Amino acid sequence: MGVIIREIDPNDKKALKQFVMLEWEIYKDDPNWVPPLIDEDIKRLSPKLNPVFKHQEAKYFMAFKDGKPVGRIDAHFDRKYNEIHDENAGFFGFFECINDKEVAHRLFDAAIEWLKSKGAETIYGPMNFNTNDDECGLLIQGFDSPPVVGMTYNPPYYIELIESYGFQKAKDLLAYIITIDDDFINFVGRLEARLEPLSEKAREYGFTIRNVNLKKLEEEVRIIFDIYNDAWEQNWGSLAFEEEEIKHLANNLKQIVIPELAKIVEYNGVPAAFGLIIPDINQVLKKLNGRLFPFGFIKFLTGLKKIDGLRLLALGIKKGYRRKGADSLLYYHLMKDALAMNRFKYCEVSWLLEDNYLIIRATEFMKGKPYKTYRIYRKFI
């Protein structure tokens with residue numbers, strides 16, 4: 001029997017679960033894979049439950065061979081992206097496949113056929129669903145360790161499956177690792193002598209810094225992403241967060257945010273910059289095998305206290321406040337408070353656009369080493 005492609009109804013929970021569960025077959029022998037939470041992935045793919053569908057449409061396809069599921073893909077068309085970036089582009093994401101070019105190419109055929117019907121002239125991917133969702137790019141370098149929270153992972157053979165179809169590089173995304181060892185602690189001690197005066201100077205100019213208030217998390221996340229939207233609006237592939245997306249994200253973050261590692265900088269009381277470091281909850285998720293209930297939730301809560309890794313998820317400074325000391329305040333206090341907890345062994349800084357030289361230089365100055373590369377591909381259709 002040849003390859004059969006079937007469209008998956010997003011309102012059919014059983015079919016959607018089969019779509020999600022394909023990962024368990026693809027990665028069953030891979031020690032670095034981190035299983036997603038099954039119920040959360042099903043919600044994420046549901047147009048009724050994910051606010052991203054306010055401005056996009058999606059189709060899901062699965063490939064079957066000899067009656068068994070062997071591949072999957074999503075195709076999505078984001079009206080907001082095309083309006084902002086003046087393109088007629090579509091995207092593919094949630095791509096998983098056995099090592100079989102025929103299966104992969106048939107999946108790409110299905111995705112592109114639907115995107116063409118929407119008027120798309122270009123396809124980008126993999127992106128699950130856009131840059132705000134964080135899970136962007138195909139891992140092309142750094143297969144020897146698990147992904148941190150929010151980052152993607154895939155077998156090396158996916159590179160050939162995608163490139164053999166004619167996809168070419170659009171943009172690389174970089175991940176840096178900072179090892180928190182004695183050498184780094186000594187480095188930070190020396191750096192404090194330079195950053196503390198700059199931090200105090202920023203205060204004299206009217207800048208202050210505070211921790212996020214977890215009791216008002218939704219309001220605080222709204223402030224953070226108002227800054228984010230301003231700071232990132234001209235970046236490649238960026239999309240401003242909508243109100244419903246901010247609420248959705250706040251709900252996802254409330255269980256894991258550490259107040260001391262979520263900072264807001266204000267200038268005379270007006271929010272101007274933020275920095276957000278989150279614990280690498282993949283260390284816990286790896287042990288849950290995709291199931292939070294009935295007993296996984298207890299493992300999750302107890303496991304949070306044992307996490308020894310971090311990810312610098314985002315850092316943004318509004319355009320009118322750059323190069324005035326807000327960055328020094330953020331770096332100094334985030335570093336100081338992270339080290340004061342005396343439990344973390346590493347911090348991944350990700351993801352960084354390959355041509356964002358300013359933040360790359362700052363990360364390398366902070367002893368960050370490049371260790372993973374992710375690629376977003378493009379094909380004209």
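Reader: What is the place of Asn 289?

Author: This is a predicted model, in which local features need pLDDT of at least 70, side-chain atom pairs count only at pLDDT 80 or more, and totals for chains, interfaces and linings use all residues. Residues are numbered from 1 along each chain as its sequence is written, and side-chain values use heavy atoms, with hydrogens and water left out. Helices (H or I, at least four residues) and strands (E, at least two) are DSSP runs, numbered from the N terminus. Asn 289 has its place in the loop between α9 (282-285) and α10 (296-304).

Reader: Is Asn 289 buried, exposed or partly exposed?

Author: Buried means under 20% relative accessible area, exposed means over 50%, and partly exposed lies in between (1.4 Å probe, protein chains only). Asn 289 is not a glycine, yet has a positive phi of about 55°. Because its relative accessible area is 39%, Asn 289 is partly exposed.

Reader: What is the relative accessible area of Phe 94?

Author: Phe 94 also has a positive phi, near 50°, in a residue other than glycine. Its place, however, is in strand β4. Phe 94 is buried, with a relative accessible area of 5%.

Reader: How many of the residues of strand β4 (residues 89-97) are buried?

Author: β4 has neighbours on the strand level: strand β3 (residues 68-78) joins β4 through five bridges in an antiparallel arrangement. Strand β4 itself is mostly covered, and the buried residues number nine of its nine.

Reader: In β5, which residue is the bridge partner of Phe 91?

Author: Two strands pair if DSSP finds at least two bridges between them. β4 pairs with strand β5 (residues 122-125) over three bridges, in the parallel sense. For Phe 91, the bridge partner in β5 is Tyr 124.

Reader: What is omega for the cis peptide bond that joins Asn 128 and Phe 129?

Author: Phe 129 also has its place in the loop between β5 and β6. Its peptide bond with Asn 128 is cis, with omega about 0°.

Reader: How many residues are between the strands in the hairpin of β9 and β10?

Author: Six bridges hold β9 and strand β10 (residues 270-279) in an antiparallel pair, and one of the bridges has Lys 263 with Gly 275 as its partner in β10. Asn 268 in this hairpin takes a positive phi near 50°. The residues between the strands number two.

Reader: Why is strand β9 (residues 262-267) largely enclosed by the rest of the structure?

Author: β9 also pairs antiparallel with strand β8 (residues 207-211), through five bridges. In that pair, the partner of Thr 208 is Glu 266. β9 is largely enclosed because its buried residues are five of six.

Reader: What distance separates the C-alpha atoms of Phe 64 and Gly 2?

Author: Phe 64 is found in strand β2 (residues 56-65) and counts as buried, at 6% relative accessibility. Not counting residues up to four places away in sequence, Phe 64 makes contacts (heavy atoms within 4.5 Å) with Gly 2, Val 3, Ile 4, Arg 6, Gln 18, Pro 69 and Val 70. Gly 2 and Phe 64 are 62 residues apart along the chain, and their C-alpha atoms are separated by 8.4 Å.

Reader: What is the radius of gyration of the protein chain?

Author: The chain has twelve helices and 13 strands. The radius of gyration is taken over C-alpha atoms, and the globule rule is 2.2 Å times the number of residues to the power 0.38. For 381 residues the rule gives 21 Å, and the chain is close to this, so it is as compact as a globular protein of that length: its value is 21 Å.

Reader: What percentage of contacts between residues at least 6 apart in sequence join residues at least 24 apart?

Author: Buried residues make up 56% of the 381 residues. The C-alpha atoms fill a box of roughly 70 × 45 × 35 Å, taken along the principal axes. Among the contacts between residues at least 6 apart, the share that joins residues at least 24 apart is 78%.
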